[in-house]
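Hi everyone, thanks for coming. Let's bring the model up on the screen and walk through it together.

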Amino acid sequence: REMYQEIDLDKIDIHAEPPIEEPARQYYFMAKCRKWVKGFEQKHGRLPKSCVVNMGCQMNARDSEKLTGILRKIGYCQSDSEEADFVIYNTCTVRENANNKVYGRLGYLNGMQKKNPDMLIGLCGCMMQEPSVVEKIKESYSFVNLIFGTHNLFQFAELLFCAMEKHSSAQKKKADMTIEIWEDTDQIVENLPNKRKYFFKSGVNIMFGCNNFCSYCIVPYVRGRERSRRPEEILREIEALAADGVVEVMLLGQNVNSYGKNLETPMTFAQLLREAENIDGIERIRFMTSHPKDLSDELIETMKQSKKICRHLHLPLQSGSSKILKKMNRNYTKEQYLALVEKLRNAIPDIAVTTDIIVGFPGETEEDFEETMDVVRKVQYDSAFTFIYSKRTGTPAASMEDQIPEELVKKRFDRLLKEVQQIASAKAGRYTGSVQKVLIEQVNEQDAHLVTGRMSNNSIVHLPGTKERIGTIADVRLTECRGFYYLGEVVG
Ligand code: 5AD
Ligand code: SF4
């Protein structure tokens, strides 16, 4: 099975009929793309450059690694700059402003394509699952060569080849955009290439989609129904990652706590974690995201017992008002959320808790907002992502009455942000003086004599060091806290 990723594309007979089954079909099209890339090389005297731009969450980032893996396999070199021969935006659509950003940048890409007529432009990700978006792109951005959605990302090689062929045959007219978008799927295609951004850590998809339908959220509409990957596939992937030098994995799903419910042989997320824990070479396990309504005692106990599961839980609150939570369809009350955090902290006292909060949901009164502030003060989050409510067409909240005026929301948002930051910075220093395990992740962006890493609880630490240390876990004495991060030095 792993053999697939090692396949020599030059050995595939590209004049035969394309295979029907996956992933063989995609490897066949990768071989075809590779031939096109060689043609490009002959014409230009260099290999084509590709640039995958990730605009979304960790799921998106992992999808981008899959795209990059395929591009690499077919012979593109990678570039961080959009001055490339193939640029693809992996989009997000959770909030409206994410969409607007894409339209803005497309204008800029159009300019680049005029200078480089062999440049291909692609769009994929959550935003492409919205029919109105695709209509608008066909209408106003007809220079785009390729569009696909979240459910058929695995077809990238096949679709890219289609776009390449159209381009080569110089028929590029308005109607020649390659577009393939599925509404939903229960298919999960395994064993495609991927290229990790970091050699020592990796995301691992454990499930796709979401069934929760929080009333503000577009994700269930663009990512489809919840489906879990089979545990054998997940564990095999983690083993292969460990064998390849990965020490930290982040298990990814929209709601990891409901993992395994729809498997042939159901299993819980906690069971999966315990299996992952047994894999040698993996030192740290993280996961994202946990819905409070599904966080089980079994999971808390598993985290408590574990040597590898990191001391961090991201537990989206969204609102502190039980009335708003009900309208959001979150299925928990303020009191239940607070009780859950208390239970968690009783079991694992040093755990860092972070959250997501939405301000200005329809019908949010001053009292409701104060309830949110109250939870923030009571929980004392280590950090919190705060969002202004964004109306997403097609979600139930979009047609609710009492949408809140923007100026009012902005005021509340600023108050919340200030509170969240004050609490986070007051909490940040509590480990100063202690020695902590830090996974060194990169050379410091400002100072080349420093490296930057993370503690188990996700706190950031800067310390003297060089790039040789990247990917190692060091014992670090935290000498000072500055705002939200620590300075430290390696001990021993
Ligand atoms: N408006 C604002 N924030 C949203 N989120 C999801 N949908 C919306 C929306 N319509 C936030 C939630 C979620 C995070 C990923 O994005 O807080 O947890
Ligand atoms: Fe959206 Fe709620 Fe699903 Fe998270 S759990 S992706 S907020 S619907």
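A quick word on naming: helices (H or I, at least four residues) and strands (E, at least two) are DSSP runs, numbered from the N terminus. This is a predicted model, where local features need pLDDT of at least 70 and side-chain atom pairs count only at pLDDT 80 or more, while totals for chains, interfaces and linings use all residues. Residues are numbered from 1 along each chain as its sequence is written, chains are lettered from A and ligands numbered from 1 in the order in which they are written, and side-chain values use heavy atoms, leaving out hydrogens and water.

Let me start with Gln318, which is found in the loop between β12 (312-314) and α11 (322-327). Its phi is near 75 degrees, a positive value in a residue other than glycine. Most residues other than glycine have a negative phi, and most peptide bonds are trans.

Now, which residues surround ligand 1? Counting a residue as near if one of its heavy atoms lies within 4 Å, we get Val94, Arg95, Tyr216, Gln318, Asp356, Ile358, Phe387, Ile388, Tyr389, Ser390 and Arg392. The side chain of Gln318 has an N or O atom 2.6 Å from an oxygen atom of ligand 1, and for the side chain of Asp356 the distance to a ligand oxygen is 2.7 Å. From Ser390, a backbone N or O atom lies 2.8 Å from a nitrogen atom of ligand 1. Taken alone, ligand 1 exposes 400 Å², and the protein buries 85% of that; these accessible areas come from the Shrake-Rupley method with a 1.4 Å probe. Two elements give two or more residues to this shell, β13 (352-359) and β14 (383-388).

Over to ligand 2. Around it sit Cys210, Asn212, Phe213, Cys214, Tyr216, Cys217, Val219, Pro220, Gln254, His291 and Arg330.

Next, the helices. What is the angle between α2 and α6? Helix α2 (residues 24-44) and helix α6 (residues 156-168) pack at about 35 degrees, with their axes 8 Å apart; axes are lines fitted to C-alpha atoms over the stretch in contact, and angles run from 0 to 180 degrees between N-to-C directions. With contact meaning heavy atoms within 4.5 Å, the residues involved include Phe29, Trp36 and Val37 of α2, and Phe156, Leu160 and Met164 of α6.

Last stop, the cis peptide bonds. One runs from Glu22 to Pro23, with omega near 5 degrees, and Pro23 is in the loop between α1 (3-6) and α2. Another joins Met288 and Thr289, where omega is about 0 degrees; Thr289 is in the loop between β11 (284-288) and α10 (297-305).

Technical notes:
A polar contact is a pair of N or O atoms within 3.5 Å; within protein, one must be able to donate a hydrogen and the other to accept it, and residues adjacent in sequence count only if both atoms are side-chain atoms.
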